[in-house]
Amino acid sequence: YPLGPREMSVANLSDAEIRKELRSLMQGENFHQFLIEGANDRLLTDKWIENLPVEIFSAPYYSNLPNYVAQLSELDDVESLRKLRDGVGFGIARQALESIAYVVENDLPYTEILTADYTLVNPQLAFTFGSNVSFDDDENIDQWKVGTVEDYFRIDSSMVYERLQFGANVSGGLATNYPQAGILNTYGWLSRYPSTDTNRNRARARWTWYHFLGLDVEKSASRTTDPDALADTDNPTMKNPNCTVCHEILDPIAATYQNYGDLGFYKDKAPGLDSLPRLYKSDDSLEDPYQPGDVWYRDMREPGLEALNFTDTDQTMVQLAAAIVNDDRFSQAVVKFWWPSIMGEELIPAPEETEDSNYQSNLNLFLEQSATVAELAEKFRGGFDGGAAYNLKDLLTEMMMSDWFMIDSAASVFDGDDNHLLGIGAGRLLTPEQLDRKTEAVTGVRWFESEVRGRDFSQLTAAYRLLYGGIDSDGVTQRATVVNSLMSTVVEAQPLQLGCVIVAAEFQFPASERKVFTMIDKDQNENNAESAVRAQLQFMHQNLLGETLSVDDLEIDRALALFTETRQARIDGNMPTQLHAPPDETCPFQFIPDTENWDLSDPGHTLNTWVSMMIYFMTDYRYIFE
């Protein structure tokens, strides 16, 4: 958006030409943001932007960081400390997401998100990891390059560690060749799902299965609540059938994370040989207690993936990554991973209650979606129409070419009872970030843009993000897909505050330089230029709502009637004849610089009427749904 004549004409092209046009859109900053937001909606590592795990600033493993924190603290350099904290937090949050975006944008095989022996770093992460890369602006936290973890030190007898109030003094340690396994052992991913002495990496394993092999282990088998069946204390995860049904799937992958401690650091227990907790190592009461040299629990399954066993204890993550991408379920998991980003909704789960009135409809929908996922996955593995295998741009293109996205043809494609298709193709609610970008694209302004910690925000992406159904990747992890009453107030607040500013700014320039009011002059109205007003309303229906209407369409008649009635009401009410008339009618110009010389006179009440029309259009469901 906005859709111009060229974009609208694409609908009349052949399928091959539409594919080419869609593929050509997958570049630039907007596509990059699509990838970052889509990946984060699943991985949720953006949690660390605001809730950075403070352990990394004093932990000895990346010694560059705690040493530098200590130096800045000694100098009482609060500003540099803040910038460092913001940059490291942003880097940890976005490391995995930027790695995914890098693979996709460079048309690399998507398998590389797991198998890459490199990672993506911003300046602060590059410093932390000792990556041998340089940046044009070392303070730009959202600048990314390919790097590696060069400076990682395990705790051994040579390490000298003095923890301070802020940071630490660290020297020595066991230099480590960090075995990068794509995003699987990025610090942001590992710390997003921390472990415990009893969880033993099972949360990490659960989400590995879910995101990269398409299986929700927690829903893969029914779980009994019979207290007698669960009373077993003789290693139930290995011996009790009520437990093993899930744990024989889950625990081998949990074991592949054996080298990563609860907080996500590699071999974090002295003397740097493993990540096993001290209590386990010292517990002689166990049936099969710890033996020196062990790197995993003796009462759990060995690392692997189902029938595969991983024997290189230093490379279990690398072996897991290779096993996952060689599994056919990986390609299906990729389709499932990106489905909500394209379609706006999750895939429907398999219905369980056969007695439900809508069971058959939901089953039909589940089977049809599953067939589409399987077909897309197979072609993704081999390459679409002779293209490269595992190319995500091609997959996204084909997903948009599918009947689930091409909604006008959906009803004619599926046979039989179409009741199960109700609700499919009704459009998707734009996320706060998407609505913010749309508003900027069609109006030229954001809802009161501001800079916080080196990043640009608007009201939609900051103050009202959660109120408008967004996520914080922490406590709120599911986006709203329908508008509730609270969200509707945000929809109204945006044009109520922004509409006046848009109108005021637009009419300071000639029509050729405007984005919204391109068809009229400020003194034109229904009495002296009805055709121009109709043309303007037609343009707004097209540019703001995506509707192609004739100038005499019933919708244009209705909009013109509203324009006429609103302007007449202002005349009859003897309302102010200027756009900004405190204290009763004000524009929030405090957010806009250099407005002192603007011409805000409104003798014909047209400017104020166009403000009302902006509210009319920007609160239409077609503006917030696409």
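A cavity is defined, on a 1 Å grid over the protein atoms alone, as a set of points where a 1.4 Å probe fits but cannot get out, with lining residues having an atom within 4 Å of a point. Grid points are joined across faces, edges and corners, and a volume is the space filled by probe spheres set on the points. The structure is a predicted model, in which local features need pLDDT of at least 70, side-chain atom pairs count only at pLDDT 80 or more, and totals for chains, interfaces and linings use all residues. Residues are numbered from 1 along each chain as its sequence is written, and side-chain values use heavy atoms, with hydrogens and water left out.

The volume of the largest cavity is about 120 Å³. Its lining comprises 15 residues, of which Tyr-260, Asp-262, Ser-275, Pro-277 and Tyr-297 are the closest to the centre.

One disulfide (a pair of cysteine sulfur atoms within 2.5 Å) is present in the structure. It joins Cys-500 to Cys-587, with an S to S distance of 1.4 Å. Because Cys-500 lies in helix H20 (residues 485-506) and Cys-587 in the loop between helix H22 (554-572) and helix H23 (606-618), the pair ties together parts 87 residues apart in sequence; helices are DSSP runs (H or I, at least four residues), numbered from the N terminus. Cys-500 is buried (under 20% relative accessible area) at 7% relative accessibility, and Cys-587 is buried at 4%.

The sulfur of Cys-243 lies 8.8 Å from the closest cysteine sulfur, in Cys-246, too far for a bond. Cys-243 is buried at 18% relative accessibility, and Cys-246 is buried at 10%.

Definitions and conventions. Helix = DSSP H or I, 4+ residues; strand = E, 2+ residues; numbered from the N terminus. Buried < 20%, exposed > 50% of the residue type's maximum accessible area, 1.4 Å probe, protein only. 1 Å grid on protein atoms, 1.4 Å probe; cavity = no way out; pocket = protein on both sides within 12 Å on 5 of 7 lines; lining within 4 Å.
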